[in-house]
Amino acid sequence: MSAAGESRRDAQQMRARAADLEQAAERAMDPQERQRLKDKARELKEQSEHAGGTGKPDIDPM
């Protein structure tokens, strides 16, 4: 697999984990735990954007 493909796969995994954390935050009874989970989900989303997981196709000029 190419580096770009791995980067996209990693970004997709981070987005999936962020979605899981958001769902867990909705179920959390403790307000501090809820906020911690929301913060972690936001961090993962940001990391996935920086990892090149924006969903844009790679364009090979050659």
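Trainee: Is Arg42 buried, partly exposed or exposed?
Mentor: Arg42 is partly exposed, because its relative accessible area is 43%, and on this scale buried means under 20% relative accessible area, exposed means over 50%, and partly exposed lies in between, with a 1.4 Å probe and protein chains only. Before we go on, keep in mind that this is a predicted model, in which local features need pLDDT of at least 70 and side-chain atom pairs count only at pLDDT 80 or more, while totals for chains, interfaces and linings use all residues. Residues are numbered from 1 along each chain as its sequence is written, and side-chain values use heavy atoms, with hydrogens and water left out.

Trainee: Okay, and which residues does Arg42 form salt bridges with?
Mentor: Arg42 meets Asp39 in a salt bridge at 3.4 Å, N to O, and Arg42 also forms one with Glu46, where the closest N and O atoms are 3.8 Å apart. A salt bridge here is a side-chain nitrogen of Lys or Arg within 4 Å of a carboxyl oxygen of Asp or Glu.

Trainee: Where do Arg42 and Glu46 sit in the helix?
Mentor: Both are in helix α2, and because they are 4 residues apart they are separated by about one helical turn. Through salt bridges that share partners, Asp39, Arg42 and Glu46 are joined into one network. Arg42 and Asp39 also both lie in α2, 3 residues apart, again about one turn of the helix. Helices (H or I, at least four residues) and strands (E, at least two) are DSSP runs, numbered from the N terminus.

Trainee: How many salt bridges are there in the whole structure?
Mentor: A search of the whole structure finds 4. Another of them pairs Lys45 with Glu22, whose closest N and O atoms are 2.5 Å apart, and this pair links distant parts of the chain, with Lys45 in helix α2 and Glu22 in helix α1, 23 residues apart. Lys45 counts as partly exposed at 36% relative accessibility, and Glu22 is partly exposed as well, at 31%.

Trainee: Switching topic, which residues make up the largest nonpolar core?
Mentor: The largest nonpolar core has 8 residues, namely Met14, Ala18, Leu21, Ala25, Ala28, Leu37, Ala41 and Leu44. The elements that give two or more residues to this core are α1 (3–27) and α2 (31–50), and the largest share, 4 residues, comes from α1. By a nonpolar core we mean a set of buried Ala, Val, Leu, Ile, Met, Phe, Trp, Tyr and Cys residues joined through side-chain atoms within 4.5 Å.

Trainee: What is Leu37 in contact with, leaving aside its neighbours within four places in sequence?
Mentor: Leu37 is in contact, meaning heavy atoms within 4.5 Å, with Leu21, Ala24, Ala25 and Ala28.

Trainee: And which residues of α2 are buried?
Mentor: The buried residues of α2 are Leu37, Ala41, Leu44 and Ser48. Seen down the axis of α2, they fall within an arc of 65°, so they line one face of the helix; the arc is that of the directions from the helix axis to the C-beta atoms. On the other side of α2, Pro31, Gln32, Glu49 and His50 are exposed.

Trainee: How many residues does α2 have, and what span does it reach?
Mentor: α2 has 20 residues and reaches 29 Å from its first C-alpha to its last, close to the 28 Å expected at 1.5 Å a residue, where the expected span is 1.5 Å times one less than the number of residues.
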